[in-house]
Amino acid sequence: MKVKKYDVFVIGSGAAGRTVAKACVKGGLTVGMADKREYGGTCANRGCDPKKVLLGATEVIELSANLMGKGIKAVPGISWKKLMQYKGQFTLAVPRTTEEDLKTLGISLYHQSPKFLDEQTLSVEGKTVRADKIIIATGYEPRNLHFKGSKHLKSSDDFLSQKKLPKKITFIGAGYVGMEFAHIAARAGAKVTVIDSGKRPLKAFDADLVEGLRSYSKELGIDFVFNAKITKVEKARKKVKVFYSKKGKLESLASNVVFNTAGRVPAISTLQLEKGKVAFNENGIETNDYLQSISNTGVYACGDVSDKGLPLTPLSGIEGKVVAINVLEGNKEKMQVPVTPSVVYTLPNLASVGYSEEEATSRYKNVEVKFESVPSWFNARRVNAPVYAYKIILNQRTRKIVGAHLLGPNAGETINLFAMAIGQGMTAEQIKQTVFTYPSWSNDIKSMV
């Protein structure tokens, strides 16, 4: 069989993969690329971008509900069908325009998940391709759940593409995706239950602020079931029933649809990495500081699928640039993870950057923790926001900000100022001396520190 030869072959067409492919082809290398799904990656097609479009409509609901009777006469309703059509304006053209852009650059495109045949050879679309460098940028995919009836579960893709919003929805998993979708669905009119094996939602975030979000979520009408182990799922004609054990007692709940939001894992299961001698673990491809496979020097990994970074979209492009430099110029660029904020786009937003209270306490001899709930502050009062809180962590000796955790309106934007402050080593006094517009959410950070 004839073998197609490339200098570089990229697996995955998200931000990381496209960054490498474009840089390499512009650097004079021949490049092939494969993706088993729509070109453009998860974020643009079925992740953060379409989710944020849906969030926009629910922001109107939240603001109107908070200001009901204070100048607002009625809370508007959501037409799920029209909202889905609007979302399509942002997503439907992504695969086509992405492919056209890549083809214009001279990149050969394949539409299947490749499989390693050996260290430098892949099988894709029934063809054999060989490359000097193979870049794995396949991202994350939903975690499979293993219990009887799990085939009846829907995915996050299904939630973002459903034409009609079910009346009753259950989400299995109280992480980013489960909590964000629960808020969207509840404000759009669904009765929502979130079930999780842990004792609280969003275990990666500050426990005090998460408790504030959980409490407000319950006021919104979202039911929670924690410390629950799913035993099976059964599908009837119109309902899906989830059976779970809690404190030794078997219980169940029924809804129109059940979504698997129990987290995401590296999308590597179909690549046959063993044949390519590519080492991996539960966090992804095992790489060195150059994002090069520790077991196959002809392979690099970037984006969520690398075990060196955080599974956050802003880092994917950075990792892609690092890999491109190392492919084009030899290993000269080490991956250094910058200060990276993260946000849960519930309403209110939950945002975090830097060290947690526990991490800071273990790292520094003395820390100062400023934790307060402040719905009485002007910015919260003017929109009648019921939840507004912060926890700021200072190194007591240097007075530098080392961690910031926010819960409230606009937290997803305000956290960026703290990311910049931590990255630049700013002290509380330097922030207080900075002039911000007033009255603004940004100006509030001077009172937080």
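My entries on cores, aromatic rings and a pocket follow.

**Ground rules.** I am working from a predicted model, where local features need pLDDT of at least 70, side-chain atom pairs count only at pLDDT 80 or more, and totals for chains, interfaces and linings use all residues. Residues are numbered from 1 along each chain as its sequence is written, and side-chain values use heavy atoms, with hydrogens and water left out.

**Cores.** I looked up nonpolar cores, meaning sets of buried Ala, Val, Leu, Ile, Met, Phe, Trp, Tyr and Cys residues joined through side-chain atoms within 4.5 Å. Buried is under 20% relative accessible area, exposed is over 50%, and partly exposed is in between (1.4 Å probe, protein chains only). The largest core holds 36 residues, and Trp-80, Phe-159, Phe-171, Val-192 and Leu-350 have the most contacts inside it. Among the elements that each supply at least two of its residues are helix H4 (80-91), helix H7 (176-187) and strand E9 (191-195). I take helices (H or I, at least four residues) and strands (E, at least two) as DSSP runs, numbered from the N terminus. H7 gives the most to this core, six residues. Apart from it I found another core of 27 residues, including Val-383 and Trp-441.

**Phe-171.** What does Phe-171 touch? Counting contacts as heavy atoms within 4.5 Å, and skipping residues up to four places away in sequence, I noted Phe-159, Phe-181, Val-192 and Phe-259 among its partners.

**Rings.** I paired rings of Phe, Tyr and Trp (its six-membered ring) if their centres lie within 6.5 Å; planes under 30 degrees apart are stacked, over 60 edge-to-face, the rest tilted. That rule gives 15 aromatic pairs. Tyr-6 and Phe-9 make a tilted one, 5.8 Å centre to centre with 55° between the planes, and both residues are buried. Tyr-355 and Tyr-364 are edge-to-face at 6.1 Å and 70°. Tyr-355 is partly exposed at 26% relative accessible area, and Tyr-364 is partly exposed at 22%. Trp-80, Phe-159, Phe-171, Phe-181 and Phe-259 form one aromatic cluster.

**Pocket.** A pocket here is an open set of points on a 1 Å grid over the protein atoms alone where a 1.4 Å probe fits, with protein on both sides within 12 Å along at least five of seven lines; lining residues have an atom within 4 Å of a point. The second largest pocket has a volume of about 410 Å³, the space filled by probe spheres set on the points. Of its 21 lining residues, Glu-59, Glu-62, Leu-347, Pro-409 and Asn-410 are the closest to its centre. H3 gives the largest share of the lining, six residues.
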